[in-house]
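Trainee: Please show me how the features of a model such as this one are to be read, one at a time.

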Amino acid sequence: MNINKSTRFAALVLLAVLVLPMLGCRDRGTRNRQVGFLITLDHPYWHNMRLGAEDQGKKLGVDVTVLNAREDPVLQIEQIKEMIAKRVDIVCLAPMKKEPLVRGVQMLNEANIPVIIVNREIGEGCSYVCFVGTDTYSGAVTSAKILAEAMGGKGRIVEFHQHLGSGPELARSRALRDVLKDYPAIEPVARIPHRGDRDFVKTQMQTLLQKFPDMAGVYAHGDNFAIAAAQVCVNSGRTDIKVVGMGGSQEAIEAVKDGLITGTSYQQPEQEGRLAIELAVKYLNGETLEKAYPIECPPITRDNAHRFKGQF
Amino acid sequence: MTDREKDRLLNAVGSRISLRRLQRASILILLFVLGAVASAKSPTFLTWYNLVDNLFTNAAAVGIIALGMTFVMIAGGFDLSVAANTAVCSIVLVLTVNALLPCGPLAAVIVALMLTAIVGIALGAINGTLVAYVGVNPFVVTLSTMFVFRGFGLILTQGGQSMQIASLTLRRQFTDWLYDFKCPFLGAEYQISMPIIVFIALFLIGFYLLRLTRFGHYIYAIGGNEQAAWLAGVNTRLIKACTYMLCGFTCAVAGALFLANATTAEATSHMGKELDVIAAVIVGGTPLGGGSGGLVLTLIGLILLKVIENLLTQFNVGAEYRPVVTGLIILVVVTIDVLVNKKTRQ
């Protein structure tokens, strides 16, 4: 038998790559408390939530396992099973979709693993310890009000909304409708789903500018898309169009300072992650918790932008 | 033939067998070593819940698609549209169940399952016809149909809404029947779930088709040398088209299981699963060009990838390292394959 040297080498490398890191893993005889942190990582917002959670986990001496559901509720339910299999002590869950994840939380209920709902809402029919998260609705109301005021309460607007049916999308769309009740002269003329893609927003915005030359405002679900839309407005010489985003990213705060976008509302993902872990540990220590811990979103406009530092 | 030539020939054959065996065995050895280290290091790895209820049950649905994909790939084809097809099938299932609810829950589910199977096969037939009868490259065909099927999904869900079975009791029953149903295997404590049962059934049927029928032998023949198979009188076009339809059928089955598990059908679900499936087939040892391979190999490849995924969770590995590890494994396994092939050709 004549085994190729390189074959043997490749097999050894494969073994080494896989096995060595595992040998280095801490023996779990003295096992820390395990927290499952089930979120998505498809936006810098979530990365910062994750950093906050992991850092807080280190401070409080718990192991945080972060899994990325990539906006897919089907995948997230599989990940919940993994958490049950891993016998974590508590799960912090950002439900990718409101209704579908009810089954996931029910599975955790059956396995007697407590759940803290983070950032997005969950449907009826399951039990959880508490909700912690940005008050998406009030943040969106803040942004919508900035837009309405800046437009002087009249004109036509365009809305760029995100993943249809997701919690934030529903809340932000509702916020706009609710605010517009007080401003009857403002007329929404188009709703465009942006699917998390700036280029797409730019192309759409160019088309919309042709179609609605009297457009006066843009309400974008997310700073990225507000900035993309505003850049198109500036390039077309339409600096009069008011654009608001929501989130308060570093880029957006700079854009507000420069006057590229009119304003945004300030969300604090890192704070959200920290608070979720802190509450999880408190619960495991036997403390009683409130039912909801909303995190406020103050408005950012040109007047106060210098006082904010973006968390993502 | 001189003695020397004979020797060389025998040597070549001998080394081919042993190298092949070694390569196949290496994946099993790797699995075993991984399992042993994991069991020693993590108290929650070697448990019935983790291995059977979690790992194998989650792997079963993807594995079912991998069975269909193995047929396509042995015949030298390729299918990128499986994940999109699965998503469409889940959506069709929900829509038909909802539409047929007045006829009674059982009738609705049975008719809907049949219709879903037809839709899966039909979408597979689109791929099959374009590849086999029109002669377009399978990569191009299935890449395009992937987008088209995703589009179908979006259209059927009005732009990406979550689709759920409207009746709450039926939604629960559907999950009970197709996912949570457990078959006592070794007493009441050790039970196997429905997806695993479905997988085993399809695996046995697939094994029979591929190894013990003329149809299966034709598939290998086409993958090995299509021209030769055609000259030998095999209806190569029909057989190739059939492999895509089979693959479409497995997508429909997987779509039903995914729906039962998650209780929701989404147009954008399973993004990237087509690559997981293809990875499982390739890691198992079915080459991209076709002609060899088999279902057992695919099963081993699938389990290897899923065990590694499970271990990454068990050992708390960050989300950013996961694709790197999976990619490296595919790369190393395929590289070894190429090296072995080169060696045997020398």
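Trainee: How many of the residues of chain A count as buried?

Mentor: A residue is buried if 20 or more other C-beta atoms lie within 10 Å of its own, exposed if 12 or fewer, and partly exposed in between, with C-beta atoms placed from the backbone. Of the 312 residues of chain A, 51% count as buried. This is a predicted model, in which local features need pLDDT of at least 70, side-chain atom pairs count only at pLDDT 80 or more, and totals for chains, interfaces and linings use all residues. Residues are numbered from 1 along each chain as its sequence is written, and chains are lettered from A and ligands numbered from 1 in the order in which they are written.

Trainee: Which secondary structure elements does chain A hold?

Mentor: Helices (H or I, at least four residues) and strands (E, at least two) are DSSP runs, numbered from the N terminus. Chain A has 10 helices and 12 strands. Its C-alpha atoms fill a box of roughly 75 × 60 × 35 Å along the principal axes.

Trainee: What is the strand order in the open sheet of chain A?

Mentor: Two strands pair if DSSP finds at least two bridges between them. In chain A, 6 strands form an open sheet in the order β2-β1-β3-β4-β5-β11, with parallel pairing. Because β2 (62-68) and β11 (292-295) of chain A are at the edges with a single partner strand each, one side of each has no neighbour in the sheet. From one strand to the next, the twist averages 15 degrees. Within chain A, β3 (residues 90-93) and β4 (residues 115-118) run parallel and are joined by 3 bridges; C92(A) stands opposite I116(A) in β4(A).

Trainee: How do helices α2 and α10 of chain A cross?

Mentor: Axes are lines fitted to C-alpha atoms, for helices over the stretch in contact, and angles run from 0 to 180 degrees between N-to-C directions. The axes of α2 (residues 44-60) and α10 (residues 269-284) of chain A come within 7 Å and cross at roughly 35 degrees. A crossing is left-handed if the near helix is turned anticlockwise from the far one by less than a right angle, and right-handed if clockwise; that of α2(A) and α10(A) is right-handed.

Trainee: Which residues make this contact?

Mentor: Two residues are in contact if their C-beta atoms, placed from the backbone, lie within 7 Å. Residues of α2(A), including W46(A), M49(A) and A53(A), meet residues of α10(A), among them A276(A), I277(A) and V281(A). The contact divides into 10 nonpolar, 6 polar and 5 charged residues, where Ala, Val, Leu, Ile, Met, Phe, Trp, Tyr, Cys and Pro count as nonpolar, Asp, Glu, Lys and Arg as charged, and the others, Gly among them, as polar. In relation to the strands, α2(A) lies across β1 (33-39) and β2 of chain A, at about 165 degrees to β2(A).
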